[in-house]
Amino acid sequence: MHTKTCGRESSCDIVLENPDISPLHARIELADDGLVCVVDDESDNGTFLNRNDVWIRVMKVTLCIGDRIRFGAIEVPIDRLVSVFGSESNTRLEARHFAPRQVSSGTKSFVRHHDHGPVLQKPRRNPKTGKIEEDHP
C-alpha cells in the first residue's frame with residue numbers, strides 16, 4: 001500500500017493553506033488493487049464525503065466515481081487526490097453507488113443499471129464519546 005498525505009504542513013503531498021485544515025489532516029492510500037482510500041487523521045474539522053448528493057463526515061472511505069471530498073471547508077477534486085500517485089500508478093475508482101429513490105407506490109427501489117454494490121450508510125456514532133466508529137460486521 002502506498003500512502004500520501006494531505007494537510008497544512010509544507011511537507012504534505014497535497015498542501016492546503018487554510019487555517020481550518022489540520023497540519024496533517026488526512027492520508028490518501030493506494031491499495032495494491034489500485035483503489036484509492038481517504039483516511040481522516042483525527043483532524044479537528046473533519047473529512048467529508050459527498051455521495052448521492054449528501055455530505056457525511058467520514059473516517060475512512062474508498063473513493064467511487066462521482067464522489068466529492070472536502071477537508072474541513074475545502075473541497076478537493078478527486079482527480080487531484082488520484083494524481084498525487086503519478087501517471088504510472090494503477091489507480092482506479094469503484095463503480096458509482098446509487099441511492100434508493102421513492103417510487104409512486106411509496107416503497108423504495110434501487111436505481112441500478114448493473115451491480116454497483118451497496119449504498120453508503122450513515123456512519124455510527126459512539127453514544128458515549130460521540131466519535132464516529134469504523135464499520136464493524
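A: Let us begin with disulfides. A disulfide is a covalent bond between the sulfur atoms of two cysteines, counted here when the two sulfur atoms lie within 2.5 Å. The structure holds zero disulfides: cysteine 37 is in none, and its nearest cysteine sulfur, that of cysteine 64, is 9.8 Å away. This is a predicted model, in which local features need pLDDT of at least 70 and side-chain atom pairs count only at pLDDT 80 or more, while totals for chains, interfaces and linings use all residues. Residues are numbered from 1 along each chain as its sequence is written, and side-chain values use heavy atoms, with hydrogens and water left out.

Q: Is cysteine 64 buried or exposed?

A: Buried means under 20% relative accessible area, exposed over 50%, and partly exposed in between (1.4 Å probe, protein chains only). Cysteine 64 is buried at 0%, and cysteine 37 is buried at 12%.

Q: Which residues have the most contacts inside the largest nonpolar core?

A: In soluble globular proteins, nonpolar side chains tend to be buried together. A nonpolar core is a set of buried Ala, Val, Leu, Ile, Met, Phe, Trp, Tyr and Cys residues joined through side-chain atoms within 4.5 Å. The largest one has 22 residues, and Val38, Leu63, Ile69, Phe71 and Leu81 have the most contacts inside it.

Q: How accessible is glutamate 29, and what does its side chain contact?

A: Glutamate 29 is buried, with a relative accessible area of 9%. Its side chain makes a polar contact (N or O atoms within 3.5 Å, one able to donate a hydrogen and the other to accept it; residues adjacent in sequence count only if both atoms are side-chain atoms) with the side chain of arginine 27, at 3.2 Å.
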